[in-house]
Amino acid sequence: MEATNKAYEGEYQGEQAIWLRSGPYEAAVLPQIGANLIAFRDTSRGYAFLREPAEDGMEAFKANPGVHGIPVLFPPNRYDAGKFPWEGTTYQFPVNETARGNHLHGFAHTTPWRVDSYGADDRESRVTLSLTVGEGHPVYAYMPFEFTLKLQYALSEEGLLQRVSVRNNGAKRLPCLLAFHTAVNAPFAPGSQTSDVGFKLTIGKRWELSGDRMLPTGRFQPLTAGEEKMRDGGQSPFFEAMDNHYTSQTQNGRNYMELTDSRAGVKLVYDVGVGYKMWMIWNNFAQGGFFCPEPQVNLVNAPNVDLPAEDIGLIGLEKGEIWEETSRLYTIDIG
């Protein structure tokens, strides 16, 4: 009998990919394009949980690999004029969101990663990838620190497990600011419509963002009735255009997004771990099809915000220290 758990090198639309298979599930990660977990599917039911590039869309995806799959953002989101003050030095990132005058989304999602290992056993299939930055690496020109990002994905009957770690390899204290711009199909089941899906997100308070540049003012805004429904469950992912920033607030000890398809009778759970203190949510102007619930360690533009570091996720790692967190995507049949 052929083993159901497999891990192997192959291709995804012409790009190098490591494929994982386990039971009905399959997943693919793209080492050369930011270690993006570009596909997570249930092949037995035809579910595609993540937004994938169209067959003629790979070049556009490679030019802007931020709104498909699970891109790694390090450091995440926006920085005012590209300025990144840290420990008495201000580093200058490129202003790549020119209309707003910000740096956007860091460097990890466009940088090639190394495949450390992949394999499978009776329990799961898995892959480990890493990005090590030091002198001579292209990222070092903007972030002159020595560090390693490590990603592990494991596929099993319990869905897709993600483990991420950041290790400071150098003498200087390392800023540890991280997020994932996870693009979730809504709906993910063939035959379902937008009206069949509702979601829940464990948000706490809403951060006020400046209207022109989308940077936090340091103040909070009251949740609207629509946002309260999002927090409590059953809201449409497209009830209004969203590019919103929130604190996370655990419910029953967990930090998560749930997307429920009432027609298919299936709930997709994205449990992101309590180390992510913030959420961003972006739904592409409420056009439908997909939205991005983005678990984030830190407040947008955190190094430029005059609030206590602990309150805004402004984390630093001393030499040799490691920050680590896990997330999981899985489904529950609800009948």
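**Close-up views of a predicted model**

View 1. Phenylalanine 49 and phenylalanine 188 are both buried, where buried means under 20% relative accessible area, exposed over 50%, and partly exposed in between, calculated with a 1.4 Å probe on protein chains only. This is a predicted model, in which local features need pLDDT of at least 70 and side-chain atom pairs count only at pLDDT 80 or more, while totals for chains, interfaces and linings use all residues. Residues are numbered from 1 along each chain as its sequence is written, and side-chain values use heavy atoms, with hydrogens and water left out. The structure holds 20 aromatic pairs, counted where rings of Phe, Tyr and Trp (its six-membered ring) have centres within 6.5 Å, with planes under 30 degrees apart called stacked, over 60 edge-to-face and the rest tilted. One of these pairs, phenylalanine 49 with phenylalanine 188, is tilted, at 5.2 Å centre to centre and 50° between the planes. Phenylalanine 49 lies in the loop between strand S5 (47-48) and helix H1 (58-63), and phenylalanine 188 in the loop between strand S17 (184-186) and S18, 139 residues apart; helices (H or I, at least four residues) and strands (E, at least two) are DSSP runs, numbered from the N terminus. Ring pairs also link Phe49 and Phe188 with Tyr25, Phe40 and Tyr47 into a cluster.

**View 2. Charged side chains sit over aromatic rings.** The charged end of lysine 172 is placed over the ring of phenylalanine 145, 4.6 Å from the ring centre, and arginine 254 lies over the face of tyrosine 256, at 4.3 Å from that ring's centre. A charge sits over a ring if NZ of Lys or CZ of Arg is within 6 Å of the ring centre and within 35 degrees of the ring normal.

**View 3. An open sheet is built from 8 antiparallel strands.** The strands follow the order S11-S12-S13-S14-S27-S23-S22-S18, with two strands said to pair if DSSP finds at least two bridges between them. At the edges, strand S11 (114-120) and strand S18 (197-201) each pair on one side only. From one strand to the next the twist averages 10°, with axes taken as lines fitted to C-alpha atoms (for helices over the stretch in contact) and angles running from 0 to 180 degrees between N-to-C directions. Within this sheet, strand S22 (residues 256-261) and strand S23 (residues 266-271) pair in the antiparallel sense over 6 bridges, and threonine 260 has lysine 267 in S23 as its bridge partner.

**View 4. A second open sheet has 5 antiparallel strands.** Its order is S1-S2-S3-S4-S5, and the edge strands, strand S1 (6-12) and S5, each pair on one side only. Strand S2 (residues 15-22) runs antiparallel to strand S3 (residues 25-30), joined by 5 bridges, and isoleucine 18 is partnered by valine 29 in S3.

**View 5. Asparagine 36 is buried in strand S4.** Asparagine 36 belongs to strand S4 (residues 36-42) and counts as buried because its relative accessibility is 1%. Leaving aside residues up to four places away in sequence, asparagine 36 touches several residues, among them Val29, Phe61, Pro65 and His68, where contact means heavy atoms within 4.5 Å. The C-alpha atoms of asparagine 36 and proline 65, which are 29 residues apart along the chain, are separated by 8.2 Å.
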